[in-house]
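User: Hello! I would like to learn how to read helix packing and aromatic pairs in a model. Could you walk me through an example?

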Amino acid sequence: MPENTAAAPRRQRADARRNRERLLAEADAAFREHGTEASLERVARRAGVAIGTLYSHFPSRDALLEALFRERHEAIMALGDELLADPDTAPDAALARWMRAVTEHTAAYRGLAGRFLGSLEDEASELYAACKRMAASGEALTERARAAGAIRADATAADVFALISAAAWLREQVGPANADRLATFLVDGLRA
């Protein structure tokens, strides 16, 4: 009988799965409290593991952030696809809805918007692929709104991402309710 040379994927041991889950939970708590530059040593300590265990699961800070945001990234991508495919939503309304969702997404932790923007230039970052996909959605929604004459002719996707970063920063400074009100001003400034 011939041997199967393809290696079956290794199942993670139960203790390794628990360590990973504790690391993710502690990282989420630390990043919410201290921002994306929170101490990874403290995250490991609070999870009850050595720093080497953290790095065996997540070789970098960006890998840890990518794991924390994988499902949320997918939800943002799905929203972008949905808005682009929906002919009944006005292009400026679609762009505004997407901008608000991305703002909320990037405001989860202090400093996250900057990390996302920075990863667009760093192909080695674990966040690069997700952020590139997010950027492609933003570019398509911006172009569609501009082509429809719904936003200023000189508005670019780079402008949209700068406004999203500003809105995320505002959420950190003045809280969600005030930030949403101010973000409406930012979005209204894009309109033709």
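Analyst: Gladly! Contact here means heavy atoms within 4.5 Å. Helices are DSSP runs (H or I, at least four residues), numbered from the N terminus. This is a predicted model, where local features need pLDDT of at least 70, side-chain atom pairs count only at pLDDT 80 or more, and totals for chains, interfaces and linings use all residues. Residues are numbered from 1 along each chain as its sequence is written, and side-chain values use heavy atoms, leaving out hydrogens and water.

User: Which residues of helix 4 and helix 5 meet?

Analyst: From helix 4, Phe69, Arg72, His73, Ile76, Leu79, Gly80, Glu82 and Leu83 touch Ala94, Arg97, Trp98, Ala101, Val102 and His105 of helix 5. The residues of this contact comprise eight nonpolar, three polar and three charged. In this scheme Ala, Val, Leu, Ile, Met, Phe, Trp, Tyr, Cys and Pro are nonpolar, Asp, Glu, Lys and Arg are charged, and the others, Gly among them, are polar.

User: How do the axes of helix 4 and helix 5 cross?

Analyst: Axes are lines fitted to C-alpha atoms, for helices over the stretch in contact, with angles from 0 to 180 degrees between N-to-C directions. Those of helix 4 (residues 61-85) and helix 5 (residues 91-106) come within 10 Å and cross at roughly 175 degrees. The two helices are therefore roughly antiparallel (over 145 degrees).

User: Which residues are buried in helix 6?

Analyst: Buried means under 20% relative accessible area, with a 1.4 Å probe and protein chains only. In helix 6 (residues 112-119), Leu112, Ala113, Phe116 and Ser119 are buried. Their arc, taken from the directions from the helix axis to the C-beta atoms, is within 130 degrees, so they line one face of helix 6. These buried residues pack against helix 4, helix 5, helix 7 (128-147) and helix 8 (157-174).

User: How many aromatic pairs does a search of the whole structure find?

Analyst: A pair of aromatic rings is described by the distance of the centres and the angle of the planes. Rings of Phe, Tyr and Trp (its six-membered ring) pair if their centres lie within 6.5 Å, and planes over 60 degrees apart count as edge-to-face. The search finds four pairs. For phenylalanine 69 and tyrosine 109, the centres are 5.3 Å apart and the planes at 80 degrees, so the pair is edge-to-face. Both residues are buried.

Tryptophan 98 and phenylalanine 161 are also edge-to-face, because their centres are 5.9 Å apart and their planes at 85 degrees. This pair links helix 5 to helix 8, 63 residues apart.

Conventions. Parallel < 35°, antiparallel > 145°, perpendicular 65-115°, else oblique. Buried < 20%, exposed > 50% of the residue type's maximum accessible area, 1.4 Å probe, protein only. Phe/Tyr/Trp six-rings, centres within 6.5 Å; stacked < 30°, edge-to-face > 60°.
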